[in-house]
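Visitor: I am new to this structure and would like to be guided through it with a few questions.
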Amino acid sequence: QVQLVESGGGLVHAGGSLRLSCAASGLIFDNYAVGWFRRERAFVASIRHIDDSTYYADSVKGRFTIFRDNAANTVYLQMNSLTPEDTAVYYCAVSGSGYRGEDSNLYGYWGQGTQVTVSK
């Protein structure tokens, strides 16, 4: 059973940084991808397990970085230069097929989310 637990959200001033974590368990797929989404499942970033390839939404390129710690089975989202427009609940999700694109329907497993609030 795949379980995803997000953490690291909070309140930060504009221009600040946060690092979100997605701790995963039960991943039995040969090839999978982990994505971060926000609001109504709007794509933010993803990373594919088999080759560490990453993909970002245009709105976060250059500010956000997705990376993983295999030993800890955790995927992180480092968010820098935050703006109020980044305020949202952030979710991590897993695609068991290795799909790392923007279509949230192709991610079959979701965490509960963590709130990020960026004040002016």
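Visitor: Which side chain meets Asp52 in a salt bridge?

Guide: This is a predicted model, in which local features need pLDDT of at least 70 and side-chain atom pairs count only at pLDDT 80 or more, while totals for chains, interfaces and linings use all residues. Residues are numbered from 1 along each chain as its sequence is written, and side-chain values use heavy atoms, with hydrogens and water left out. A salt bridge here is a side-chain nitrogen of Lys or Arg within 4 Å of a carboxyl oxygen of Asp or Glu. At 2.3 Å, N to O, the partner of Asp52 is Arg68.

Visitor: Is Asp86 buried or exposed?

Guide: Buried means under 20% relative accessible area, exposed over 50%, and partly exposed in between (1.4 Å probe, protein chains only). Because its relative accessibility is 1%, Asp86 counts as buried.

Visitor: Which residues are linked with Asp86 in a network of salt bridges?

Guide: Asp86 forms a salt bridge with Arg63, their closest N and O atoms being 2.7 Å apart. Arg63 is itself buried, with a relative accessible area of 17%. The network of salt bridges links Asp86 with Arg63 and Arg38.

Visitor: How far apart are the closest N and O atoms of Asp58 and Lys61?

Guide: Asp58 counts as exposed because its relative accessibility is 66%, whereas Lys61 is partly exposed at 49%. These two residues form a salt bridge, and the distance between their closest N and O atoms is 3.1 Å.
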